[in-house]
Amino acid sequence: MEKISVRDINFNELEKLSCQGTNSVVYRYNDDLIKIFKGLSLKEKLNIYKLYKMLDGINIEGVILPKQFIMKHGFLVGYITDFVDKYICVSDKYEVVGDFNINEYFKVVIQASKILREIHNHGVTVQDFSFENVLINEVGNCYYIDFDGSLYQGIGNNLVSYLFYDYMINYRKDKVVVGNNLDKISMLLSFFQTFFNRSIQYVSRSDYDNLASRINTLKNLKAMALLLWDKNENLWLKEIPYLDEVIDLNDKVV
């Protein structure tokens with residue numbers, strides 16, 4: 001992958017984006033997105049460098065990976081990717097049930113789920129999955145961004161989303177097992193969070209059942225909700241579905 005020096009970037013020409021990451025500053029320059037790390041250790045940046053070098057040349061439709069490394073004194077300080085024009089994070093676009101078109105939301109989730117399946121088919125574990133890192137453009141196409149926390153052939157950083165951490169560590173007090181189930185559980189948590197506007201562990205069974213009586217997709221996911229509520233179940237040994245397998249596109253707001 002091509003490398004450029006951070007000194008070659010004129011930051012006065014860049015547009016600082018309103019949506020910023022926790023560990024980075026993000027800019028736009030024409031059709032490029034420029035990401036500069038902040039707060040990461042040298043080891044974390046080195047792992048990101050190794051990860052993207054290994055992923056270089058892998059093409060997965062709907063996945064945006066770096067196309068140029070940004071270096072300073074021989075070390076990675078950021079990277080450049082393609083910019084998704086007229087986008088919004090899935091988590092921002094769909095927040096509270098009843099305030100959005102459920103059928104439209106489900107179509108987006110199906111897209112995201114199928115992309116996740118392809119990511120897994122290429123041997124990558126996202127780890128830090130959330131709907132904050134899934135973009136949707138004005139025509140409804142989904143894109144995965146920010147693979148900094150991913151793991152590929154043993155290379156990567158141990159990063160998970162706050163939503164997953166709050167559920168798995170704070171609620172279940174469970175260990176984290178890296179693998180496809182980690183991403184599937186993260187997607188389930190993101191789905192419920194966006195749908196109910198709160199994490200599934202804070203959704204009462206009566207509230208869930210009330211909506212499930214009118215929405216087939218929630219009926220289809222009831223077993224998964226019960227599994228997520230039960231702290232004694234071993235999630236890592238369970239068969240967690242991809243969401244495109246259970247979503248019913250006949251669901252409507254009623």
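Tutor: Start with a definition. A polar contact is a pair of N or O atoms within 3.5 Å; within protein, one must be able to donate a hydrogen and the other to accept it. Keep in mind that this is a predicted model.

Student: What makes the pair formed by the side chain of asparagine 133 and the backbone oxygen of aspartate 128 a polar contact?

Tutor: The distance. The side chain of asparagine 133 reaches that backbone oxygen at 3.3 Å. The limit is 3.5 Å, so the pair counts.

Student: Where is asparagine 133, and why is it called buried or exposed?

Tutor: Asparagine 133 sits in the loop between S8 and S9. Its relative accessible area is 14%. Buried means under 20%, so asparagine 133 is buried.

Student: What makes S8 and S12 edge strands?

Tutor: Three strands form an open sheet in the order S8-S11-S12, with antiparallel pairing. Strand S8 (124–125) and strand S12 (155–156) each pair on one side only.

Student: How do you know that S9 pairs with S7 and with S10?

Tutor: S7 and S9 have three bridges, in the antiparallel sense. S9 and strand S10 (residues 142–144) also pair in the antiparallel sense, over three bridges. The requirement is at least two. Isoleucine 88 has isoleucine 136 in S9 as its bridge partner. Valine 134 stands opposite tyrosine 144 in S10.

Student: What lies between S9 and S10?

Tutor: Four residues, and the two strands form a hairpin. In the turn, glycine 140 has a positive phi of about 90°.

Student: Which way do the side chains of strand S9 point?

Tutor: In a regular strand the side chains alternate between the two faces of the sheet. From strand S9 (residues 134–137), Val134 and Ile136 point one way, and Leu135 and Asn137 the other way. All are buried.

Student: How do you know that the length of helix H3 agrees with its residue count?

Tutor: Take 1.5 Å times one less than the number of residues. Helix H3 (residues 102–121) has 20 residues, so it should span 28 Å. Its end C-alpha atoms are 28 Å apart, which agrees.

Student: What caps the N-terminal end of H3?

Tutor: Asparagine 101 does. One of its side-chain oxygens lies 3.0 Å from the backbone nitrogen of asparagine 103. That is within the 3.5 Å limit. Just after H3, glycine 123 takes a positive phi of about 80°.

Student: What does the span test give for H1?

Tutor: H1 has 14 residues, so it should span 20 Å. The end C-alpha atoms are 20 Å apart, which agrees. Its buried residues are Asn47, Ile48, Tyr49, Leu51, Tyr52 and Leu55. Glycine 57 follows H1, with a positive phi near 95°.

Student: How much space lies in the largest pocket, and which residues are closest to its centre?

Tutor: About 1,100 Å³. Of its 49 lining residues, the closest to the centre are Gly21, Ser130, Glu132, Asn133 and Asp146. By class, the lining has 25 nonpolar, 15 polar and nine charged residues.

Terms used. Residues numbered from 1 in each chain as written. Predicted model: local features only at pLDDT ≥ 70, side-chain atom pairs only at ≥ 80, totals over all residues. Heavy atoms only, no water. 1 Å grid on protein atoms, 1.4 Å probe; cavity = no way out; pocket = protein on both sides within 12 Å on 5 of 7 lines; lining within 4 Å. Points joined across faces, edges and corners; volume = space filled by probe spheres on them. Nonpolar A, V, L, I, M, F, W, Y, C, P; charged D, E, K, R; others polar. Buried < 20%, exposed > 50% of the residue type's maximum accessible area, 1.4 Å probe, protein only.
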